[in-house]
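Have the model open as you read.

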Amino acid sequence: MATLLAIVALSLLIIVHEFGHYICAVATGMKVDRFSVFGIGPVVARLGVWRGTEFVLSAIPFGAYVHIVGMEADDAPSIAVAEGGRPGEVPEHDPNDPTLYRNRPIWARMLAILGGPLANYLTAMVLGFVALTMVGNEVPLSMRVDNVIEPAAQTAGLLAGDELVKIAGDDITGRGTQDKILATTAAHKGETVETVVRRDGQEVALQLPLTAEGKIGIQMSPGEVTRETHPVGVAAKTAVLFPIKFSAFQLDALGKWVTGRIEGKMSGPVGIVREIAKSAERGVEAFLEIAIKMSTLLGLFNLLPLPALDGGRFVFLLWEAVTRRRVTPRIEETVHGIGMLALLGLILWVTIRNDLFSHLFG
């Protein structure tokens, strides 16, 4: 059930992305002849025609797509969407039709390309606002020991499952518990301090040596938690800023990964669905959190200046805006075609190597 929910959630984020392209294209006077609201590949069901766009379901049940007429070289409508036309009829195609993508002003084409990523960012912000005002988030009131790494802490008797209560006489529970722990240990670097932990409902005092850096040498996770919602103003500001800050963090990490300063592992669709499914099993808050991050990442990924992605198409538009010269459509189409093949190959390789192989064989 969690896996099915994850597939639906990821598909919805892709549908939102395509809807962003659709609404911006239509709003700027472009002709959109087909919107597959669910699935890719061959059409299996036609839902109807509305305002010149045929809405369909496609064979491969994942994602969605929008066909903006005139985006590709020698592009023509795949169905009859003119007034009075019927699905399956191919009308005469006027290359000077002002509703074709390539015949629209550059600002309109830019907006149509950016519409998908913008829709994902807007969705992330709306989900964030809902999460903060209606669901709330868990606030740790204490920290629990997950794993004891430092040998000295093991010798002192610290055990996994212990809940930290006091360090050097300071109460480290309540709001901001993790910050309290860090501040207290930093003030007693290299010292042996009395540490009180809660174990099996009883408080136990230990003489715990801290490292020269002021660390206990443990891995921690929240112990006692409380849930709280946020005022509308605070939630709105946080919801708007989070996707922006998260994108900046991801770009910084990507730069470090590309230059070899940090290690990382890419995930394909299978791995992404698996992570969403895990979050769904942890509850509504975790599910909304990963949905917000996935929507942001989908928007960010498509903004990368790579062929076949929205960012790659936007680069060509920027070139046209600066030089006042349009790149030959056939050349641009070839670049995006090669980019799409490379992207599909990368997704396939990542899916097999990182998602399937590592999952099956560890």
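## Thr-123

Thr-123 is buried, at a relative accessible area of 19% (buried means under 20%, with a 1.4 Å probe and protein chains only). This is a predicted model, where local features need pLDDT of at least 70, side-chain atom pairs count only at pLDDT 80 or more, and totals for chains, interfaces and linings use all residues. Residues are numbered from 1 along each chain as its sequence is written, and side-chain values use heavy atoms, leaving out hydrogens and water.

Thr-123 belongs to helix 2, residues 106-135 (helices are DSSP runs of H or I, at least four residues, numbered from the N terminus). Leaving aside residues up to four places away in sequence, Thr-123 touches Leu-13, Val-16 and Ser-295 (contact means heavy atoms within 4.5 Å).

## Helix 2 with helix 8

The axes of helix 2 and helix 8 (residues 310-323) come within 10 Å and cross at roughly 160° (axes are lines fitted to C-alpha atoms over the stretch in contact, with angles from 0 to 180 degrees between N-to-C directions). The two helices are therefore roughly antiparallel (angles over 145 degrees).

Among the residues that meet here are Met-110 and Ile-113 from helix 2, and Phe-314 and Leu-317 from helix 8.

## Helix 5 with helix 7

Helix 5 (residues 232-258) and helix 7 (residues 284-303) have axes that come within 10 Å and cross at roughly 60°. In their contact, residues including Phe-242 and Phe-246 of helix 5 meet others including Ile-292 and Leu-300 of helix 7.

Notes
Buried < 20%, exposed > 50% of the residue type's maximum accessible area, 1.4 Å probe, protein only. Parallel < 35°, antiparallel > 145°, perpendicular 65-115°, else oblique.
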